[in-house]
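This briefing is meant to be read beside the sequence and the model, with both open for checking. Please go through it topic by topic.

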Amino acid sequence: MAGFRNHHNATPTHSEEPNVRESPLTCRMLSETEFLCAEKQWQELLASSDADPLFSSWYWASAWWQKIREANGNGAKLRLFLITNDDDQWLALAPCHLVLSELFRRPVNQLHLIGSGLPRGNLFRAEYRSLLLNREHADELLPVLLAQINQNTEWDECFVGDLPKTTHLYGHYEQHLGTYGWFARETTSERGYSVSLKAGFKSYLMGISGSARRQVFNKRRRLEGDGQVTVVGPPELTLLDACQQLNAFHRERWNADAISTDQLRFLERACSLPGADTPRLAHSALRVEERVIGVLIDIVVDRRQYNIQLGFDEHYDRALSPGLLHLGYVMEHGSSNEIDRYEFLIGDGLTQNYKARFASQVIPVTSLHIVRTRWLRVLHRCYQALRPGSSSRSRTAS
């Protein structure tokens, strides 16, 4: 790949400066108007990258941003860092926003990836976060994209949550991030869980333990002895009805709703556009006769089905787990309808880590906190030094 030029003619601070001399490539900032009209270019870049097809999609990002803007923006400002070639083909993208915070009565500008970073504006947890990089040239594009972000003088600190450790960004953090003159640390360490359905549902069942197989499949026999069992989805089951039933289960168990009206509207907007690569709602209810005993709110995209939220009737037959049986029915249906993976997503569960017993793949994820402004760097280094038992890892540079 050829070298790069920057639209603002600034010099990267990275010690191994990319070749920014004669080049057919350009770094620039994407405007809000361009962003909201960029479905085609964004999705083409996403398809050429290793970024998550749901949480890194234009559909998720644009629906989130429009919902935030409707709520007066919560002070958020778009900062979309883009690399293109002479044909205006998108090669790399860091879809961020800037928000003003405060520490010790001093203003602190925070940079976040779109979909997170606003305490009253996070509609759903946006998981498996990353930058969008053309996979053929990711190793060369990433330092240039980070240099472009560093040249932006507005932000003081940056947060990248739910970053898989398999990404180019995490590998770059491990090897080089300290050379930027930033203070960088890992603040959390979690796991995501995924089920492979490529070989079919029967093959998946043979790969899990006997006790797990009984919970997700064998106990169907007992359930079906109670009456006719059906799994109902759209269009018969509306998203509103599914969310209302789900909330009823959660209020009974946790005394709180699982999905707000804003979250429901967000899901409708993110999955509303026609197209082959548009996310599709796949909510469903598990019924025994006319009684609903389980609800799943799922989204399907790129041969993957994501479990966004689930709930079940905890009073229905304590010898069964309606939620796990419901997952079994849905995974079996998905495997016969060209779903390659079912995503349990990040987290170990509120009361027990059921995901680990049923997953085919465990995905380690971390969250990065990157500090650039000098007084904040000094503060965080002192804080780190006073916490010798801290489990967070850091990269520092003078």
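The structure is a predicted model. In it, three cavities of 30 Å³ or more are counted, and the second largest pocket has a volume of about 410 Å³. Two helix pairs are described, helix 7 with helix 11 and helix 2 with helix 3.

**Helix packing**

- Helix 7, which spans residues 210-218, and helix 11, which spans residues 322-335, have axes that come within 7 Å of one another and cross at roughly 75°. Because that angle falls between 65 and 115 degrees, helix 7 is described as roughly perpendicular to helix 11.
- On the helix 7 side the residues in contact are Q215, V216 and F217, and these meet L324, L325, G328 and M331 of helix 11. Sorted by class, this contact between helix 7 and helix 11 has five nonpolar and two polar residues, with no charged residues.
- Helix 2 (residues 39-47) packs against helix 3 (residues 58-70) at an angle of about 135°, and the axes of the two are 9 Å apart. The angle makes helix 2 oblique to helix 3.
- The contact between these two helices is made by E39, W42 and Q43 from helix 2, together with W58, Y59 and A61 from helix 3. By class, the contact of helix 2 with helix 3 has four nonpolar residues, one polar residue and one charged residue.

**Enclosed cavities**

- Rolling a probe the size of a water molecule over the atoms shows where empty space is left.
- The largest cavity has a volume of about 130 Å³, and of the 14 residues that line this cavity, those closest to its centre are L146, I149, C158, V160 and I370. Strand 5, helix 4 (138-151), strand 7 (157-164) and strand 15 are the elements that give two or more residues to the lining of the largest cavity.
- What classes of residue line the largest cavity? The lining has 14 nonpolar residues, with no polar and no charged residues.
- The second largest cavity holds about 60 Å³ of space, and its lining is formed by W42, F55, S56, W60, A61, P95, L113, I114, R129, S130 and L132. In this lining, eight residues are nonpolar, two are polar and one is charged.
- W42 and A61 belong to the lining of the second largest cavity, and W42 of helix 2 and A61 of helix 3 also take part in the contact between those helices.

**The second largest pocket**

- The second largest pocket, with its volume of about 410 Å³, is lined by 20 residues, of which D50, D52, P164, T166 and T167 are the closest to the centre.
- Helix 5 (168-176) and strand 15 (361-371) are the elements that give two or more residues to the lining of this pocket, and strand 15 supplies the largest share, with four residues.
- The lining of the second largest pocket divides into 10 nonpolar, five polar and five charged residues.

- R79 is found in strand 3, which covers residues 77-84. With a relative accessible area of 16%, R79 counts as buried, because buried here means under 20%.
- Leaving aside residues up to four places away in sequence, R79 touches M29, A94, P95, C96, H97, L98, L111, N152 and E154. P95 is also one of the residues that line the second largest cavity.

**Backbone features**

- Most residues other than glycine have a negative phi, and most peptide bonds are trans.
- P234 and P235 are joined by a cis peptide bond with omega about 5°, and P235 lies in the loop between strand 9 (229-232) and helix 9 (239-254).
- F104 has a positive phi, near 50°, and lies in the loop between strand 4 (90-103) and strand 5 (106-113). F104 counts as exposed, at 60% relative accessibility.
- E289 has a positive phi, near 55°, and its place is the loop between strand 11 (284-288) and strand 12 (291-301). With a relative accessible area of 43%, E289 is partly exposed.

Notes. Residues are numbered from 1 along each chain as its sequence is written. This is a predicted model: local features need pLDDT of at least 70, side-chain atom pairs count only at pLDDT 80 or more; totals for chains, interfaces and linings use all residues. Side-chain values use heavy atoms; hydrogens and water are left out. Axes are lines fitted to C-alpha atoms, for helices over the stretch in contact, and angles run from 0 to 180 degrees between N-to-C directions. Angles under 35 degrees count as roughly parallel, over 145 as roughly antiparallel, 65 to 115 as roughly perpendicular and the rest as oblique. Contact means heavy atoms within 4.5 Å. Ala, Val, Leu, Ile, Met, Phe, Trp, Tyr, Cys and Pro count as nonpolar, Asp, Glu, Lys and Arg as charged, and the others, Gly among them, as polar. On a 1 Å grid over the protein atoms alone, a cavity is a set of points where a 1.4 Å probe fits but cannot get out, and a pocket is an open set with protein on both sides within 12 Å along at least five of seven lines; lining residues have an atom within 4 Å of a point. Grid points are joined across faces, edges and corners, and a volume is the space filled by probe spheres set on the points. Buried means under 20% relative accessible area, exposed over 50%, partly exposed in between (1.4 Å probe, protein chains only).
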